[in-house]
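Here is a friendly look at some charged pairs and a strand with its neighbours. Have the structure open as you read along.

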Amino acid sequence: MLFLFNNLKTKTMKKFFGILAIITLFTAVPAAAQFNWGIKAGVNLAQKPSDIEDVKGKTGWFVGPMAKFTLPIVGLGLEANLLYSQSSTEVQGETIERKTVDLPVYLRYEFSLPVVNKFLEPFLAVGPQWSWNVGDKTFSVGNILAGSQNFSEYTLRSSNLSLNLGLGAIVLDHIQVHANYNIALGSTSDYREATDAALNLVTKSKTNTWQVSVAYIF
């Protein structure tokens, strides 16, 4: 009976210390983690959309709040942004202005460099981005054809999913500089060309974008 009691007591103590260790871990990690927020602004350098002739990418801009959550022990963290963005494309002489609300989420890895980290913290960032069109979606482009009542049409998608790949650095704990390449994971626009009294078959295109941003982190 004494053996059974001691065995039960040992198992109970093991469970107790196991639960205590788990609680300690989940309370220690948030305590060690660093949470920061800031304001980000930057430029969009849109590339030429694929599969459409006489198209040029133009420069745009974006701005909005950001939040950063970092585990300093391993250098891993998350960054989320809520951005208002404008980018432009010139199609057959007409400027197509795309206005979106963007939600990029990054998985970050910040390098630990003992001497350099006193004033510069380099990082890599990768993650998905969801974008919702909040501006005009359909634009008439090109010259109207003789005997036709139609212009060619360039239509932006209502929403898009893309992938961000970037690198950057935090300077003096408060200034973040970030270069990013945004890769469209699906079609971003449809193009219908007026060749007669009707609009021709849709050409689907993708627009990838280089982005450069600066953020102030509080």
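## A pair at the surface boundary

Lys99 has a relative accessible area of 28%, so it counts as partly exposed. Its salt-bridge partner is Glu97, with the closest N and O atoms 3.8 Å apart. Glu97 is partly exposed too, because its relative accessibility is 33%. Do keep in mind that this is a predicted model.

## Salt bridges across the chain

The whole structure holds six salt bridges. In one of them, Arg157 and Asp190 approach to 3.2 Å between their closest N and O atoms. Arg157 sits in the loop between strands S9 and S10 while Asp190 belongs to strand S12, so this pair ties together parts that lie 33 residues apart in sequence. Arg157 is partly exposed, given its 27% relative accessibility, whereas Asp190, at 11%, is buried.

Another salt bridge joins the side chains of Arg108 and Glu79, at 2.5 Å from N to O. Here strand S6 supplies Arg108 and strand S4 supplies Glu79, 29 residues away. Both residues are buried. Through shared partners, salt bridges connect Arg108 and Glu79 with Lys40, Lys68 and Glu110 in one network.

Strand S14 covers residues 209–217. Side chains in a regular strand alternate between the two faces of the sheet. In S14, the covered face carries Thr209, Gln211, Ser213, Ala215 and Ile217, and the uncovered face carries Trp210, Val212, Val214 and Tyr216.

S14 pairs with S1 in the antiparallel sense over nine bridges, and Asn44 stands opposite Gln211. S11 is also an antiparallel partner of S14, over eight bridges, with Asn182 opposite Thr209.

How values were computed
Residues numbered from 1 in each chain as written. Predicted model: local features only at pLDDT ≥ 70, side-chain atom pairs only at ≥ 80, totals over all residues. Heavy atoms only, no water. Buried < 20%, exposed > 50% of the residue type's maximum accessible area, 1.4 Å probe, protein only. Helix = DSSP H or I, 4+ residues; strand = E, 2+ residues; numbered from the N terminus. Pairing = 2+ DSSP bridges. Salt bridge = Lys/Arg side-chain N within 4 Å of Asp/Glu carboxyl O.
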